[in-house]
Amino acid sequence: MIMKIWFGVGILSIALAAGFCSSSARRSNRSIEQNRGNIARSVSSPTPASPIRSIDFDNISYPNFPDYSDPNGRKKKYVTLKPGEGGPNFINYGDITGDGDEDAMVALGIDNHGSAIPDYVYIFTMENGKAKLIWDFETGDRADGGLRNVYADSSQLVIELFGKDRIIGGQLYRGEEGLCCPSSFTRTRYRWTGKHFEQVSSAVLKNPSSGANPVMPQYTPKK
């Protein structure tokens, strides 16, 4: 069955939200490094011929970013990060709209003083020489739907989340196994219709490592 995925984000549970104390997005997040272990250190190499690779993703706006600043953890709102207020930890480039041009998939870490480590993903294409947002969503926490990878393959968008049957828009937080050590991840493929992404397929695969680290290349700030 094909499932239509519209713009929007999932709502985290009250218990998870209680652990957050900041709404800022930071590239260097000590809690991420401490809880995930060694973050993947591969770096995406620029390609001058690809227009979207010239975009400085440190200096664009990021709408719908989750704000968990309520000290009681009971109220959640979304804010727009202005240029310079947030930048990606990870990035991948590739054609996911089928037009032959590269798009960008960027992941921002949600800075917090608790133990949860969700990410927020933005999908951009190019339009009239500028980066245009076509989808954004929040991932879960490590083994509970945490981000493994977002990339392009055969003109499709591929999202990989740690855990069994973890799909954006579905239930991510289940507590089925230790957060540090997911035994599996879910690979879901999407097709761009021109207006939104449609789910094409989903498969559960064995986690080749013992950790819950993203395998996306790290973003290199523009000089």
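**Aromatic pairs and central strands of the predicted model**

At a relative accessibility of 0%, Y122 counts as buried. Y120 is likewise buried, with a relative accessible area of 0%. The rings of Y120 and Y122 form a tilted aromatic pair, with 5.0 Å from centre to centre and 50 degrees between the planes. The structure described here is a predicted model, and a search of the whole structure returns eleven aromatic pairs.

A pair of aromatic rings is described by the distance of the centres and the angle of the planes. The pair of W135 and Y190 is edge-to-face, because the planes stand at 70 degrees, with the ring centres 5.4 Å apart; an angle over 60 degrees counts as edge-to-face. W135 belongs to strand 7 (residues 130-138) and Y190 to strand 10 (residues 184-192), so this pair ties together parts that lie 55 residues apart in sequence. Both partners are buried: W135 has a relative accessible area of 1%, and Y190 has a relative accessibility of 0%.

One aromatic cluster is formed by F57, Y62, F65, Y120, Y122, F124 and Y219. Elsewhere, a charge is placed over a ring: the charged end of R148 sits over the ring of F185, 4.2 Å from the ring centre.

Strand 6 spans residues 119-127, and seven of its nine residues are buried, so the strand is largely enclosed by the rest of the structure. The cut-off for a buried residue is a relative accessible area under 20%. Strand 6 is joined to strand 5 (residues 103-109) by six bridges, and the two strands run antiparallel. Across this pairing, M105 stands opposite I123 of strand 6. Strand 6 is also joined to strand 7, again in antiparallel orientation, through eight bridges. Here the bridge partner of I123 is W135 in strand 7, the residue whose ring pairs with that of Y190. Strands 6 and 7 form a hairpin with two residues between them, and in the turn N128 has a positive phi of about 55 degrees. In a regular strand the side chains alternate between the two faces of the sheet.

For the chain as a whole, the secondary structure comes to two helices and eleven strands. Along the sequence these elements follow the pattern β-α-α-β-β-β-β-β-β-β-β-β-β. Of the 223 residues in the protein chain, 49% are buried. Among contacts with a sequence separation of 6 or more, 60% involve residues 24 or more positions apart. The accessible surface of the chain is about 10700 Å², and carbon and sulfur atoms contribute 50% of this area.

The average pLDDT of the protein chain is 82, and 75% of the residues score at least 70. Over residues 1-24 the pLDDT is below 50, although the model gives this stretch 67 contacts beyond near neighbours in sequence. The pLDDT also stays under 50 over residues 37-48, for which the model has 29 contacts beyond four places in sequence.

Terms used. Residues are numbered from 1 along each chain as its sequence is written. This is a predicted model: local features need pLDDT of at least 70, side-chain atom pairs count only at pLDDT 80 or more; totals for chains, interfaces and linings use all residues. Side-chain values use heavy atoms; hydrogens and water are left out. pLDDT is the predictor's confidence in each residue, from 0 to 100. Contact means heavy atoms within 4.5 Å. Helices (H or I, at least four residues) and strands (E, at least two) are DSSP runs, numbered from the N terminus. Buried means under 20% relative accessible area, exposed over 50%, partly exposed in between (1.4 Å probe, protein chains only). Accessible areas come from the Shrake-Rupley method with a 1.4 Å probe; for residues, only the protein chains shown count as cover. Rings of Phe, Tyr and Trp (its six-membered ring) pair if their centres lie within 6.5 Å; planes under 30 degrees apart count as stacked, over 60 as edge-to-face and the rest as tilted. A charge sits over a ring if NZ of Lys or CZ of Arg is within 6 Å of the ring centre and within 35 degrees of the ring normal. Two strands pair if DSSP finds at least two bridges between them.
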